Amino acid sequence: MTTIHLVTQVNASKKITFDTARDIGLHQKSAATSNEKAIAGITSGLIKYNETVTWRGKHFGFYLTHKSRITKMELYDYFRDEMEEGKFKSFRHQHFFEEKNGITIMKDHLQYETPYGIFGKLFDILFLKKHLTHFLLERNKILKEVSEFD
């Protein structure tokens, strides 16, 4: 299992940052380079507890789909999305939010497993972890810009 940890400081309230993090349109904007679009489930607005979204985007030259469900949500502090259908063996993304002196500390904790045994592990080491880290960093950059603009 691979784990990616990121910490992003946002000069905005926890509520604004939390809501921006679950905004489907913001995700699409931040994933523009992969042409990622919400194609089923919740396709706009703020995703809520127990709702699903199916994404379709181009990664590594292939169009892939990924269906996630929000499996836990504690308003303004935490939410978790987990893959229901997709190319990973498992995929779980936890989002933590903590506010200190008007600044929100947002933490991403992404854990996933690749299929295909040793070939999947090798692909992860050589390409996938770097790709997903960059994907999240770009998402968080846009999220920060939008949250701080409000």
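Colleague: Where is the place of Phe127?

Modeller: Phe127 is located in helix H3; helices (H or I, at least four residues) and strands (E, at least two) are DSSP runs, numbered from the N terminus. Please note that this is a predicted model, in which local features need pLDDT of at least 70 and side-chain atom pairs count only at pLDDT 80 or more, while totals for chains, interfaces and linings use all residues. Residues are numbered from 1 along each chain as its sequence is written, and side-chain values use heavy atoms, with hydrogens and water left out.

Colleague: Why does Phe127 count as partly exposed?

Modeller: Phe127 counts as partly exposed because its relative accessibility is 45%. Buried means under 20% relative accessible area, exposed over 50%, and partly exposed in between (1.4 Å probe, protein chains only).

Colleague: Which residues form the nonpolar patch on the surface?

Modeller: The patch consists of Phe60, Phe62, Leu122, Phe123, Ile125, Leu126 and Phe127, with about 740 Å² of accessible area together. Patches are made of residues with over 30% relative accessible area and no salt bridge, where like charges are joined within 9 Å and nonpolar side chains (Val, Leu, Ile, Met, Phe, Trp, Tyr) within 5 Å. The areas come from the Shrake-Rupley method with a 1.4 Å probe, and for residues only the protein chains shown count as cover.

Colleague: And which helix gives the most to it?

Modeller: Helix H3, residues 117-149, gives the most, with 5 residues.

Colleague: Turning to pockets, what volume does the largest one have?

Modeller: The volume of the largest pocket is about 950 Å³. Among its 41 lining residues, those closest to the centre are His59, His66, Phe88, Phe91 and Leu132. A pocket is, on a 1 Å grid over the protein atoms alone, an open set of points where a 1.4 Å probe fits, with protein on both sides within 12 Å along at least five of seven lines; lining residues have an atom within 4 Å of a point. Grid points are joined across faces, edges and corners, and a volume is the space filled by probe spheres set on the points.

Colleague: Which element supplies the largest share of that lining?

Modeller: H3 does, with 9 residues. Elements that each supply at least two residues include strand E3 (52-59), strand E4 (62-74) and strand E5 (78-85).

Colleague: How many of the lining residues are nonpolar, polar and charged?

Modeller: The lining divides into 22 nonpolar, 11 polar and 8 charged residues.

Colleague: New topic: how many salt bridges does the structure hold?

Modeller: There are 12 salt bridges, each being a side-chain nitrogen of Lys or Arg within 4 Å of a carboxyl oxygen of Asp or Glu. In one of them, Glu84 pairs with Arg69, with the closest N and O atoms 2.4 Å apart. This pair links distant parts of the chain, since Glu84 is in strand E5 and Arg69 in strand E4, 15 residues apart.

Colleague: How many residues of helix H1 are buried?

Modeller: In helix H1 (residues 14-21), 6 of the 8 residues are buried, including Phe18 and Asp19. Asp19 is also linked with Lys15 and Arg22 in a network of salt bridges.

Technical notes: Nonpolar A, V, L, I, M, F, W, Y, C, P; charged D, E, K, R; others polar.
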